[in-house]
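Trainee: Could you take me through how salt bridges and burial are read from a set of coordinates?

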Amino acid sequence: MGDDPATSVVDPFGRVWGHDNLRVADGSVHVTNGGVNPVLTIFATALRTIEDMAGGWSSPTRTELEAAPA
């Protein structure tokens, strides 16, 4: 997960770079394990992705993310 398609597979909202209709909403988007029991962190990340899909999250558009200075 990250802001740069050169160094990440998905953006901060789980959208796979280069595939507009493909999202990842599980623990695989985390670079490292957040602790002994990361269930709540994984759930929060998945919820953020689903809320973005449903239009309930005011996430930046793909164009806005790509245009942001690195």
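**Salt bridges and burial**

Mentor: Arg23 is partly exposed, with a relative accessible area of 27%, where buried means under 20%, exposed over 50% and partly exposed in between (1.4 Å probe, protein chains only). This is a predicted model, in which local features need pLDDT of at least 70 and side-chain atom pairs count only at pLDDT 80 or more, while totals for chains, interfaces and linings use all residues. Residues are numbered from 1 along each chain as its sequence is written, and side-chain values use heavy atoms, with hydrogens and water left out.

Trainee: With which residue does Arg23 form a salt bridge?

Mentor: A salt bridge is a side-chain nitrogen of Lys or Arg within 4 Å of a carboxyl oxygen of Asp or Glu. Here Arg23 pairs with Asp52, the closest N and O atoms lying 2.6 Å apart. The pair links distant parts of the chain, since Arg23 sits in the segment before α1 (39–53) and Asp52 in helix α1, 29 residues apart; helices are DSSP runs of H or I with at least four residues, strands runs of E with at least two, numbered from the N terminus. Asp52 is buried, at a relative accessible area of 9%.

Trainee: How many salt bridges does the structure hold?

Mentor: The structure holds 2 salt bridges. Arg15 forms one with Asp11, with 2.5 Å between the closest N and O atoms. Arg15 is buried at a relative accessible area of 10%, and Asp11 is buried at 0%.

Trainee: What share of the protein chain counts as buried?

Mentor: Of its 70 residues, 26% count as buried, and the chain has 2 helices and 0 strands.
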